[in-house]
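This report describes how one protein chain is put together. Please examine the structure shown below before reading on.

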Amino acid sequence: MPKGTQLEGATEVVEEFQEPVRYKVILLNDDYTTQDFVMHVLQVIFHKDFEESLNLMLQIHHNGRGVCGVYPYDIAEIKVLQVRKMAKEQEYPLRAILEKI
């Protein structure tokens, strides 16, 4: 094609990228799961350090719930399933839920 020639009927394609919908993963307090186990879950599944996991565990204990992280749906869902599996293996009723932002 010679230099400077334009294609007839050519259109410019503009791609718009949309941020994925994000979800909060929330741990719920219960009367049976130990605080140590909640901290363990926060460190293993949510990669919190000791100080963060301690503060978040106390927030969950006092407020009945705490946000462990914000993720796209597929990752948030996996985190909830990991919590459920880990709690079931240790026979704790610990629950995690998703909340759309």
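In this predicted model, which uses local features only at pLDDT of at least 70, side-chain atom pairs only at pLDDT 80 or more, and all residues for totals of chains, interfaces and linings, the largest nonpolar core has 22 residues. Such a core is a set of buried Ala, Val, Leu, Ile, Met, Phe, Trp, Tyr and Cys residues joined through side-chain atoms within 4.5 Å; buried means under 20% relative accessible area (1.4 Å probe, protein chains only). Leu27, Val41, Leu42, Phe46, Val83 and Leu94 touch the most other members. Two or more residues each come from β1, α1, α2, β2 and α3. Residues are numbered from 1 along each chain as its sequence is written, and side-chain values use heavy atoms, without hydrogens and water.

Phe46 touches Val25, Val41, Cys68, Tyr71, Lys79 and Val83, leaving aside residues up to four places away in sequence; contact means heavy atoms within 4.5 Å.

The chain has three helices and three strands, defined as DSSP runs (helices H or I, at least four residues; strands E, at least two).

| Element | Residues |
|---|---|
| β1 | 22-28 |
| α2 | 50-63 |
| β2 | 65-72 |

The axes of α1 (residues 35-44) and α3 (residues 73-89), lines fitted to C-alpha atoms over the stretch in contact, come within 11 Å and cross at roughly 140°, on a scale from 0 to 180 degrees between N-to-C directions. The contact is made by Phe37, His40, Val41 and Val44 of α1 with Val83, Met86 and Ala87 of α3.

Technical notes: Buried means under 20% relative accessible area, exposed over 50%, partly exposed in between (1.4 Å probe, protein chains only).
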